Amino acid sequence: MIHRALAMTILLILLSHIFLWLCIGTFIMYGINTMYADPAELVTKGYSKLWASAYISATGFFNCGFVLTSDSLFQYVDKQGIYLWCTVLILAGNTCAPLCLRVLLKLMHASADALRLDKPALRFALDNPRLMTTHLFST
């Protein structure tokens, strides 16, 4: 049972949490980014708004601090929407990650029959979070 529950938790982390946050985060960042003019440095380097949005979203979600410009995000200083969305991604990828994963696990458990998922394994993961990993789920 523990192996099936661990597999479902890994599926949750890879597909639901990381993939969805990165894909949705990139397109929301792209929508925000289209409202502003491109920084001059990105234009000279030939980066599109979509590429810049994907890169900023990924580095925000994983809280890496990598950017495409030489002066961090200073060229976006007057673009509050980008900073606000980076804050949401940093919280989703780090500080609030256990909460987000717990909610996603409960949603997967609630829709397990329709999605043909292993409902007992999901219930086991919800009932025994410390067996899945020590720091993933708060109890």
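A search of the whole structure finds three aromatic pairs; rings of Phe, Tyr and Trp (its six-membered ring) pair if their centres lie within 6.5 Å, with planes under 30 degrees apart counted as stacked, over 60 as edge-to-face and the rest as tilted. Among them is the pair of Trp51 and Tyr55, which is tilted because the ring centres are 6.2 Å apart and the planes stand at 50°. Both residues belong to helix α3, four residues apart, about one turn of the helix. Another pair, Phe61 with Phe62, is edge-to-face, at 5.1 Å centre to centre and 80° between the planes.

This is a predicted model, in which local features need pLDDT of at least 70 and side-chain atom pairs count only at pLDDT 80 or more, while totals for chains, interfaces and linings use all residues. Residues are numbered from 1 along each chain as its sequence is written, and side-chain values use heavy atoms, with hydrogens and water left out.

The table gives the accessibility of the paired residues; buried means under 20% relative accessible area, exposed over 50%, and partly exposed in between (1.4 Å probe, protein chains only).

| Residue | Relative accessible area | Class |
|---|---|---|
| Trp51 | 44% | partly exposed |
| Tyr55 | 28% | partly exposed |
| Phe61 | 3% | buried |
| Phe62 | 41% | partly exposed |

Ser57 is also found in helix α3 (residues 49-61); helices are DSSP runs (H or I, at least four residues) numbered from the N terminus. With a relative accessible area of 1%, Ser57 is buried. The side chain of Ser57 reaches the backbone oxygen of Ser53 at 2.8 Å, and a polar atom of that side chain lies 3.1 Å from the backbone oxygen of Gly25. Leaving aside neighbours within four places in sequence, Ser57 is in contact (heavy atoms within 4.5 Å) with Leu22, Gly25, Thr26, Met29 and Leu89.

Helix α1 (residues 2-33) has 32 residues and should span 46 Å at 1.5 Å a residue, which agrees with the 44 Å between its end C-alpha atoms; the expected span is 1.5 Å times one less than the number of residues. A kink of about 30° in α1 is centred on Phe19, the bend at a residue being the angle between axes fitted to the seven residues ending there and the seven starting there.

Technical notes. Helix = DSSP H or I, 4+ residues; strand = E, 2+ residues; numbered from the N terminus. Polar contact = N/O pair within 3.5 Å; in protein donor to acceptor, adjacent residues only side chain to side chain.
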